Amino acid sequence: MKKIIATLICLALTLGMISALAEETPAWMPNWDRDADVVVVGFGPAGAMAAKAAQENGASTLILEKASKEYAGGSAPASMGFIKPYTAEEICSSAMGRMTMEEAQRMFDKENELLDWMTQNGLNIVNSTSEGNGPGFYDVVVKGIEALGIEVLYETPAVKLICDPETKEVYGVQCQQADGSDLYVRANKGVVLCTGGYAANKDLMTRFHFADMIDYALAGAPTQTGDGLLMAVEIGAGLDGVSNQQIEWYGYSYKVASDEMGTAILHMGPSLGPDSRIFVNTNGERFMDEEMYIVHSKCQMPFLAYDGTFPIYNGYFNLSMYVIFDQAMFEAGPVGPRDYWCGYASMYDIYNWSEDNQAELDRGWFVKADTIDELVEKLAAQSGNDPIDVENLKKTIEAYNAGCAEQSDAFGRSEFYLDPIGDGPYYAAQILPTVVYTIGGLSGGPNGETLDWEGNPIPRLYHAGDVGQPTKILIAALQGALATGDIAGTACSQLASH
Ligand SMILES: Cc1cc2nc3c(=O)[nH]c(=O)nc-3n(C[C@H](O)[C@H](O)[C@H](O)COP(=O)(O)OP(=O)(O)OC[C@H]3O[C@@H](n4cnc5c(N)ncnc54)[C@H](O)[C@@H]3O)c2cc1C
């Protein structure tokens with residue numbers, strides 16, 4: 001009898017344990033391959049500082065990085081490495097009501113503290129610019145993190161956040177390894193998303209910013225595909241500051257060249273010499289001051305002028321856009337980036353423009369003709385677009401040249417740049433508006449908490465850097481990524497483990 005009772009007790013205990021185990025391991029939870037207290041997704045400056053702060057708080061830390069070591073860092077190594085010290089007041093006002101003065105002061109203090117750390121690790125800032133530009137800046141980040149012994153898994157993109165489907169509490173990340181297999185990483189305290197912006201994601205750019213598909217070139221990193229934003233949105237995160245004013249534009253690029261090289265190949269006027277060029281639309285009309293400085297500008301862009309009025313729907317009527325220039329400009333120096341210090345193509349030595357423009361002409365990146373009629377024909381053949389209205393174009397050149405003679409311009413182009421388009425031969429190319437990165441993104445709380453659409457924090461999910469900068473005009477960038485990374489990493493590492 002005693003034996004039977006003992007067997008029944010054992011059976012009951014075993015069943016109890018099994019049911020407890022079943023409760024502890026819900027069906028949505030994978031078998032974890034790795035774990036760390038704080039899992040940081042993305043090894044740009046934001047991710048690096050999130051991991052550093054978490055480690056300094058005693059949390060074990062792991063960084064997951066999509067790219068190989070050579071191409072990691074996203075926008076940072078593609079950047080110019082310009083560091084501008086903004087005041088706490090400027091930071092506060094650039095957040096446009098999203099930040100208290102106290103929070104802005106904390107960000108300012110963090111920026112300075114972390115720039116000091118960068119300097120101690122070898123960063124040299126000359127004329128407000130990092131020595132070695134973006135690659136120089138990022139090199140210091142990498143060496144600093146390696147010296148702290150923080151592990152980085154390269155070529156391991158995060159593809160999904162693992163969360164409790166009811167509470168949305170984040171438990172870890174699903175990644176993809178180089179061989180295509182999954183890797184499940186458990187985050188005991190939480191996840192910090194630092195995956196950068198979404199400028200390389202044409203679908204998101206179109207949905208967020210443009211009424212119609214527009215063709216644009218990207219001078220930033222191809223890794224800016226908005227992965228962190230999409231993963232967070234999938235579990236209910238809200239967005240903030242996603243508007244045309246959060247696109248960072250960077251001039252114009254040759255379409256044929258950029259398509260061929262897979263990244264923006266910039267169009268530039270020669271730094272010295274005549275600026276005898278105009279931009280025109282397919283009607284052969286000018287529509288802007290070609291010298292308008294659009295870098296960091298938050299104005300409405302003239303190339304995005306739009307008419308969606310029913311029933312004469314006309315869309316972005318200044319796109320496609322073209323540059324027309326003359327022999328004097330061709331001879332004055334490179335009309336593209338030669339030995340340049342900004343942008344993905346230059347920083348990764350993808351293309352260095354020739355000194356005399358001949359190699360690019362030979363490659364068909366722009367066309368040459370003795371007359372305007374022939375130029376328009378060749379341009380249409382090269383671009384595959386409808387030909388520009390040739391009679392309008394001739395009138396446009398005449399009007400522009402007449403303005404140059406009188407030192408006045410219909411679009412307000414400064415006298416300094418008013419050089420007439422001379423006799424043939426002429427040159428032309430389709431050019432594309434060019435984006436470097438985006439600022440708006442995930443909605444965030446003061447400590448980098450990722451918020452849902454109602455403003456509630458998603459448990460154990462944080463973000464930093466371009467995936468959702470708290471400041472909404474350009475003021476954060478590199479130093480903001482450092483500071484927001486630190487703030488989010490600190491907050492996440494202070495949580496109790498699951
Ligand atoms: C051409 C250019 C010039 C610039 N010039 C300046 C300048 O002079 N001064 C300045 O202050 N700012 C500049 N910026 C902006 C600055 O570089 C960015 O604001 C800053 O790098 C943002 O840091 P981040 O860490 O948020 O993102 P990033 O630097 O973009 O890093 C994001 C990282 O996340 C990784 N990642 C992406 N998806 C995943 C995924 N699914 N899983 C794992 N990892 C992922 C990326 O590979 C990358 O390593 C410039 C940017 C560009 C593109």
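Start by selecting Val39, Ala50, Val192, Tyr322 and Ala428: of the 135 residues in the largest nonpolar core, these touch the most other members. A nonpolar core here is a set of buried Ala, Val, Leu, Ile, Met, Phe, Trp, Tyr and Cys residues joined through C-beta atoms within 7 Å. Buried means that 20 or more other C-beta atoms lie within 10 Å of a residue's own; exposed means 12 or fewer, partly exposed is in between, and C-beta atoms are placed from the backbone. This core draws at least three residues from each of domain 1 (34–243 + 440–493) and domain 2 (247–436), with bounds that come from an automatic or database domain assignment.

Before going on, please keep in mind that this is a predicted model, in which local features need pLDDT of at least 70, side-chain atom pairs count only at pLDDT 80 or more, and totals for chains, interfaces and linings use all residues. Residues are numbered from 1 along each chain as its sequence is written.

**The whole chain**

Now zoom out. The C-alpha atoms of the protein chain fill a box of roughly 110 × 50 × 40 Å, taken along the principal axes. Of its 498 residues, 47% count as buried. Colour by secondary structure for 15 helices and 21 strands; these are DSSP runs (H or I, at least four residues, for helices; E, at least two, for strands), numbered from the N terminus.

**Two domains**

Next, colour domain 1 and domain 2 separately. Their C-alpha centres lie 35 Å apart, and the contact takes 21 residues from domain 1 and 25 residues from domain 2. Two residues are in contact if their C-beta atoms, placed from the backbone, lie within 7 Å. On the side of domain 1 that touches domain 2, α3, α6 (133–147) and β9 (217–218) each give two or more residues, and α6 has the largest share, with three residues.

**Around the ligand**

Select the ligand and the 41 residues around it; Gly42, Gly44, Gly74, Gly196 and Gly465 come nearest. A residue counts as near if its C-beta atom, placed from the backbone, lies within 6 Å of the molecule. Elements that give two or more residues to this shell are α2 (45–56), α3 (75–78), β18 (426–438) and α15 (477–493). The shell has 22 nonpolar, 15 polar and four charged residues. For these classes, Ala, Val, Leu, Ile, Met, Phe, Trp, Tyr, Cys and Pro are nonpolar, Asp, Glu, Lys and Arg are charged, and the others, Gly among them, are polar.

**Helix α2**

Select residues 45–56. In α2, 10 of the 12 residues are buried, so the helix is largely enclosed by the rest of the structure. Among those buried are Pro45, Met49, Ala50 and Lys52. Just after α2, find Gly58, with a positive phi of about 90°.

Return to Val192: not counting residues up to four places away in sequence, its contacts include Val38, Val40, Ala50, Tyr462 and Cys492.

Finish at Ser346, in helix α11 (residues 344–347). Ser346 is buried, with 25 other C-beta atoms within 10 Å. Leaving aside neighbours within four places in sequence, Ser346 is in contact with Pro337, Tyr340 and Trp341. Pro311 is 35 residues from Ser346 in sequence and 45 Å away in space, C-alpha to C-alpha.
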